[in-house]
Amino acid sequence: MTRLLITGSSGLLGLNLALAAMDEYTVIGVDRLSLGGVPFELLRADLLDPEAADRVLDAARPDWLIHCAALANVDACEREPDLAQRLNVELPRQLAAASARRGVRMVHISTDAVFDGTKDGIYTESDTPNPLGVYAQTKLDGESAVLAVNPDVAVARVNFFGWSLSGQRSLAEFFVNNLGAGKPVNGFDDVYFCPMFVGDLAEMLLEMLAKGLSGLYHVVGSESLTKFEFGRAIAQTFGFDAGLITPISVDESGLTAKRSHNLRLSVHKLSTDLGRVVPAFSPGLAKFYTQYQQGYPQKLRSYQQS
Ligand SMILES: NC(=O)c1ccc[n+]([C@@H]2O[C@H](COP(=O)([O-])OP(=O)(O)OC[C@H]3O[C@@H](n4cnc5c(N)ncnc54)[C@H](OP(=O)(O)O)[C@@H]3O)[C@@H](O)[C@H]2O)c1
């Protein structure tokens, strides 16, 4: 069986990916201290330790690596730019170099947020990024660092939604938690994005590895909508009151880091190179709801280390 190493296996992407992949692959997750009782193998490591990249790869002996660990909280990156630099630039560089030395096939996870959102249209991989804050800048620098030391890596710019370990990590959970409790929330009606259900993203990333893709790819949903529309769609699917969501501009939100208004990304390259249709938001939302009905959020929470 192909051995798949996943960093950030307690994170929103890493945990869902590990659970989705474990039937077909031998999954080894890297975790500091967040997880307990998961049905896949765990390696305990702080990836900021010197030599961690080599140690983890030597211990896991993977065929493939999907690097999900990051400082992914946009406002935390503004507060701690040095940590963001270490986690989002230096660590991926070290893992990409260590993977090249061992012939390990790697996918590095980046973000749609590398763009400033001023384009009138859809961003392709050949458009020039212009990061608006520390998170986006360090993620962009991470892409360059990885590809400079290992051009065989596939860099995936993603945007996704799903259930998380804490139950509070994702935008979708924000809407479910608040609307489910009858609380009013704001939804940005001037931010367009292309969210992909995390289960669909897991499938895409594994297909990219199976096909041996390398270089830069946009791996997002094939449908664009505003964050307000995203919230409304969740309300409608879950049977909550969509009237609880007030449309506002992101510029009035008071968030620390600046946000782009247009994060519509083309998936044409991905679709062509994988030879398949890239999943859209609406069927992904239906799968997200099915997981809810089946108690998947509670299952994830049971993996929290007490
Ligand atoms: N969430 C989104 O919508 C979104 C959108 C675009 C791009 N992305 C990108 O997608 C990737 C995954 O994001 P996510 O939302 O799944 O992130 P997340 O939920 O914040 O998870 C981050 C993971 O990194 C781990 N980590 C952080 N520092 C570590 C360290 N020193 N040693 C070992 N592990 C460490 C965390 O482990 P602990 O549990 O120990 O802290 C956690 O498992 C990131 O590259 C992010 O930039 C995310």
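The dialogue below takes up the terms used for this predicted model.

Student: Why is α2 called oblique to α4?

Tutor: The axes of helix α2 (residues 52-60) and helix α4 (residues 81-102) cross at roughly 40 degrees and come within 9 Å. Angles under 35 degrees count as roughly parallel and 65 to 115 as roughly perpendicular, so α2 is oblique to α4. The crossing of α2 past α4 is right-handed.

Student: What makes β4 a partner of β1?

Tutor: Pairing requires at least two bridges, and strand β1 (residues 3-7) has 4 bridges with β4, in the parallel sense; therefore the two strands pair. Leu5 stands opposite Leu65 of β4.

Student: Why are both faces of strand β4 said to be covered?

Tutor: In a regular strand, side chains alternate between the two faces of the sheet. In β4 (residues 64-67), Trp64 and Ile66 lie on one side, Leu65 and His67 lie on the other, and all four are buried. A buried residue has 20 or more other C-beta atoms within 10 Å of its own.

Student: Which elements give two or more residues to the shell around the ligand?

Tutor: The shell holds 24 residues, the closest being Gly8, Gly11, Leu47, Ala69 and Ala70. The elements in question are α1 (12-21) and β5 (105-111), and α1 gives the most, with 3 residues. By class, the shell has 12 nonpolar, 7 polar and 5 charged residues.

Note on methods: Residues numbered from 1 in each chain as written. Predicted model: local features only at pLDDT ≥ 70, side-chain atom pairs only at ≥ 80, totals over all residues. Near = placed C-beta within 6 Å. Nonpolar A, V, L, I, M, F, W, Y, C, P; charged D, E, K, R; others polar. Buried ≥ 20, exposed ≤ 12 C-beta atoms within 10 Å, placed from the backbone. Axes fitted to C-alpha atoms, helices over the stretch in contact; angles between N-to-C directions. Parallel < 35°, antiparallel > 145°, perpendicular 65-115°, else oblique. Left-handed = near helix turned anticlockwise from the far one by under 90°.
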